[in-house]
Amino acid sequence: MLSDPIVALATPPGRSALAVVRVSGTGAFEVAGKVIRSFSPEPARRATLAGFYGGDGRLIDRGLYTPYPGPHSYTGEDLVELSCHGGLQVPSRLLAALHAAGARPAAPGEFTRRAVLNGKLDLVQAEAVGDLIDATAPAQAAAALRQLEGGLSERLGRLRRSLVEVQALLSYDIDFPE
């Protein structure tokens with residue numbers, strides 16, 4: 001299903017100070033509410049300190065959650081980002097709790113796919129997300145960022161409009177040769 005709640009670790013797994021877990025889709029707020037007892041989607045886009053709990057009622061961690069109501073989120077859907085302590089135990093326990101609460105594991109790139117399907121990004125910008133992540137040199141990162149900001153999409157749009165105008169003129173000349 002294209003709008004069911006999905007969850008994934010947004011940061012690389014392993015030893016780190018923080019880990020970010022992202023939940024998106026229809027019902028994302030309800031899923032988050034099962035793990036965060038004091039969850040509220042308001043105020044939107046503001047981080048709130050809260051406890052994260054497993055299905056057994058035991059505290060997993062204390063961290064920050066930030067709700068992003070759709071369509072004003074990365075994916076265009078209701079989205080919640082949870083920041084917890086990094087490492088292997090806390091993020092995996094938090095993911096397990098969110099799975100038990102009704103979110104399925106996201107496929108690789110599924111958040112960006114949903115952003116494209118919901119009109120938040122075009123295909124060129126979606127490709128730029130991957131390019132920016134994979135960039136190994138400053139010039140690569142700069143080019144990907146320009147593409148992500150819509151530079152290439154804008155140029156392609158202007159080129160398309162020009163081609164449509166030329167096509168219209170050619171069609172006119174064919175239909176009315178005199």
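In this predicted model, arginine 45 is placed in the loop that runs between H1 and E3. Although arginine 45 is not a glycine, its phi is positive, at about 60°. Most residues other than glycine have a negative phi, and most peptide bonds are trans. With a relative accessible area of 48%, arginine 45 counts as partly exposed, because this value falls between the limits of 20% and 50%. The loop between H1 and E3 also holds proline 43, and the peptide bond that leads from glutamate 42 to proline 43 is cis, with omega near 0°.

Arginine 45 is also one of the contacts of threonine 66, which, when neighbours within four places in sequence are left aside, touches Arg45, Arg46, Ala47, Leu79, Val80 and Glu81. Threonine 66 belongs to strand E4 and is buried, since its relative accessible area of 12% is under 20%. Between the C-alpha atoms of threonine 66 and phenylalanine 39, which stand 27 residues apart along the chain, the separation is 9.7 Å.

In the largest nonpolar core, which comprises 25 residues, Tyr65 is among the members that touch the most others, together with Ile36, Phe52, Leu82, Leu94 and Leu98. At least two residues of this core come from each of strand E2 (14-24), helix H1 (28-35), strand E3 (48-53), strand E4 (59-68), strand E5 (79-87) and helix H2 (89-100).

The loop between E4 and E5 contains proline 71, and the peptide bond from glycine 70 to this proline is cis, with omega near 5°. Glutamate 77 is located in the loop between E4 and E5 as well, and it counts as buried because its relative accessibility of 9% is under 20%. The side chain of glutamate 77 forms a polar contact of 3.1 Å with the side chain of arginine 114, and a polar atom of the glutamate 77 side chain lies 3.3 Å from the backbone nitrogen of glycine 25. Apart from neighbours within four places in sequence, the contacts of glutamate 77 are Leu2, Ser3, Ser24, Gly25, Tyr68, Pro69, Gly70, Arg114 and Asn118.

Arg114 is itself one of the buried residues of H3, a group that also includes Glu110, Phe111, Thr112 and Ala115. The elements that cover the buried residues of H3 include E1, E2, strand E6 (104-105) and H4. After H3 comes glycine 119, whose phi is positive, near 75°.

Strand E1 (6-9), helix H3 (110-117) and helix H4 (123-134) each contribute at least two residues to the lining. Sorted by class, the lining consists of twelve nonpolar, two polar and two charged residues.

Terms used
Residues are numbered from 1 along each chain as its sequence is written. This is a predicted model: local features need pLDDT of at least 70, side-chain atom pairs count only at pLDDT 80 or more; totals for chains, interfaces and linings use all residues. Side-chain values use heavy atoms; hydrogens and water are left out. Helices (H or I, at least four residues) and strands (E, at least two) are DSSP runs, numbered from the N terminus. Ala, Val, Leu, Ile, Met, Phe, Trp, Tyr, Cys and Pro count as nonpolar, Asp, Glu, Lys and Arg as charged, and the others, Gly among them, as polar. A nonpolar core is a set of buried Ala, Val, Leu, Ile, Met, Phe, Trp, Tyr and Cys residues joined through side-chain atoms within 4.5 Å. Buried means under 20% relative accessible area, exposed over 50%, partly exposed in between (1.4 Å probe, protein chains only). A polar contact is a pair of N or O atoms within 3.5 Å; within protein, one must be able to donate a hydrogen and the other to accept it, and residues adjacent in sequence count only if both atoms are side-chain atoms. Contact means heavy atoms within 4.5 Å.
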